[in-house]
Amino acid sequence: MTLAHTVDNANVTRRDFLYVASAGMAAVGGALALWPFIDQMNPAADTLALKEVEFDLTPLVPGQIVTIEWQKKPVFVRRRTPEEIKAAEDTPLADLKDPQTDQSRVQKPEWLILVATCTHLGCVPSKEIKGDYGGWLCPCHGSHYDTSGRIRKGPAPKNLAVPPYEFLSDTKVLIGAEPKPAAHNAAEHG
Amino acid sequence: MSHGNYSYTPTNALTKWLDARLPIVRFVDEHLMQFPTPKNLNYWYTFGGILAFMLVVQIISGVVLAMHYVPHETLAFDSVERIMRDVNYGWLLRYVHANGASMFFIAVYLHIFRAYYYGSYKAPREVLWILGIIIYLLMMATGFLGYTLPWGQMSFWGATVITNFFSAIPFVGESITQWLWGSFAVDNSTLQRFFSLHYLLPFVIAGVVVLHIWALHVPGNNNPLGIDVKGPADTVAFHPYYTTKDGFALVVFVLFFSLFVFFMPNMLGHTDNYVPANRLVTPAHIVPEWYYLPLYAVLRSVPDKLAGVLLMFGAIFVWALLPWLDTSKVRSNKFRPIYRQFYWILMAVILILGYLGAQTADDSNVVIPWTGVELPIGKLLLSQICTVYYFLHFFLITPAIGLWETPDPLPESISKAVLAKKSGSSAPAAAA
């Protein structure tokens, strides 16, 4: 029994309508019943609760990179040297696979804060091996990032992501801070 | 051939009573005892039975390990160490299960490449072949999920890289990976669902194996000559002829398996997986398990994320197209003098890809293993050449040779070929 059959045929009966209606109802009901089983896989409410991480910048010397954890993801905080800043700023956009200026990726040029997840397949790029562009080399599949965390060579499609953050003071940064109400300030987190 | 002259007659009151209600003895008699099987099957045909055995070994050892293992990010690693140190015979169960996975893949690769050499994918066995590829994909998934469970560094970062394959999907990639993880990265939620699925999939495999054997028993076995069975003279009963042959091969295989379990249980693993998972540091050199290495080399050969992932999956799916890409009417490579050469070239290319997949991701030159001799070619370039060749083999070489090659004359029947071989080789055999 097809739809064409029911439309063209003079023998359309109320039983045909019942067949189509029942089958349609079963399909919709099935899909509705399926959804909870699919959606339970998505991040749960406790996981979704946006966590913030406060980090004290004082111990970092120029040139140092540390890895901290935010939302179960590694985050690089890098105190850049003047040469590294200059290299990042002087790079012509035409040389970039994912063109972004260095200025658009930092709030203060000395501090580069990035989600340390390679945009290729999710490894953490190496802090020790800085690659051909002085930034990071991903050990898994050989993506090279520059001193602004921008992809320069290798299979990764995008620059290392910049997480939301804000400076609470000259030496304290709050990572994960979405645009925040003014009352939600450093005192509360201090 | 499935309609061979088998006959089952219940002999006593009980079997007569059962046969009228559930003819299970009749079924076993037809399919496992009297099933007419080509009389010329060689030892390459014993891996089907070995694979069935390995599936049972993995399920039994896995069910037992699950009684001691804890799928939680803070407890998983320690529970595996407890299995190794404190649980009675835990070390044996875990080494059997971990090395069993490798043995399973050794057997399945030999099984697949045997089917490829003798043309077992051609009509009328296409469905049998495709079911086999589905089993292989399920095995890959099960192996990957299982490797995640000890929650060592390789577990964690292997899980990260593999799940990130899905992030290559345009627009919805990131949503899909977060859906797979249940978090913003590989997390405890990921570990728990992977454990659940790792427990489930072997039973799905068992179900598809039943279909695979069903599809085998409709046309019956292919054979090294690749010609159809023409009559009862070409076959022997499965039991005792092939139960014995399979049984002997299984004993030899289990000896090989035991060599790994008892004398080099960690040789096929990676030392980094004895380091607990650390989400802040990726090991300097991450490699997948050996059975994924050729595919991993294909992935890395392409400097584009989406293209790399698509090519890697394409490298598996192309096998499903083989029955239609191969234009030759002759099944067995025994009678295909040209294609046979390309078969071995493909095998060599897959081995080279496997070697390249195990190397670091830098672009230094290729070094021949064990000799230290450096070749004047970069690893990346060689992977690219091998990847291109791999796909050319299927999409160009295979269809073209089928049309152009003149096969050697086929024997009249299996029976005649077997007898001719016996009389022809009896003199040197006697001399030896």
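Me: How much area do chain B and chain A bury between them?
Reply: In this predicted model, local features need pLDDT of at least 70, side-chain atom pairs count only at pLDDT 80 or more, and totals for chains, interfaces and linings use all residues. Side-chain values use heavy atoms, with hydrogens and water left out, residues are numbered from 1 along each chain as its sequence is written, and chains are lettered from A in the order in which they are written. Buried area is the accessible area (1.4 Å probe) that two parts lose on being put together, summed over both. Carbon and sulfur atoms carry 63% of the buried area, and the total for chain B and chain A is about 2400 Å².

Me: Which residues of chain B lose the most area to chain A?
Reply: Contact (heavy atoms within 4.5 Å) joins 30 residues of chain B to 29 residues of chain A. Of what the side of chain B buries, 30% comes together from the residues that lose the most area: B:Trp179, B:Phe184 and B:Leu280.

Me: How many salt bridges are counted between chain B and chain A?
Reply: A salt bridge is a side-chain nitrogen of Lys or Arg within 4 Å of a carboxyl oxygen of Asp or Glu. One between the chains pairs B:Glu73 with A:Lys72 at 3.4 Å, N to O. The count between chain B and chain A is three salt bridges.

Me: Which helix supplies the largest share of the side of chain B that touches chain A?
Reply: Helices are DSSP runs (H or I, at least four residues), numbered from the N terminus. Helix H7 (153-164), helix H8 (173-181) and helix H11 (293-301) of chain B each supply at least two residues of the side that touches chain A. The largest share is four residues, and it comes from H7(B).

Me: Is B:Ser155 buried or exposed?
Reply: B:Ser155 lies in helix H7 of chain B. Leaving aside neighbours within four places in sequence, B:Ser155 is in contact with B:Tyr147, B:Thr148, B:Pro150 and B:Asn273. Buried means under 20% relative accessible area, exposed over 50%, and partly exposed in between (1.4 Å probe, protein chains only). B:Ser155 has a relative accessibility of 1%, so this residue is buried.

Me: How many residues apart are B:Asp326 and B:Lys122?
Reply: The side chains of B:Asp326 and B:Lys122 meet in a salt bridge at 3.1 Å, N to O. B:Asp326 lies in the loop between helix H12 (305-325) and H13 of chain B, and B:Lys122 in the loop between H5 and helix H6 (126-148). Both B:Asp326 and B:Lys122 are buried. The pair links distant parts of the chain, with a separation of 204 residues.

Me: Why is the pair of B:Phe238 and B:Tyr242 tilted?
Reply: Rings of Phe, Tyr and Trp (its six-membered ring) pair if their centres lie within 6.5 Å; planes under 30 degrees apart count as stacked, over 60 as edge-to-face and the rest as tilted. B:Phe238 and B:Tyr242 are four residues apart in helix H10 (residues 238-263) of chain B, about one helical turn. Their ring centres are 6.5 Å apart, and the pair is tilted because the planes stand at 35 degrees.

Me: Which ring does the charged end of B:Arg114 sit over?
Reply: A charge sits over a ring if NZ of Lys or CZ of Arg is within 6 Å of the ring centre and within 35 degrees of the ring normal. The charged end of B:Arg114 is 4.2 Å from the centre of the ring of B:Tyr45.
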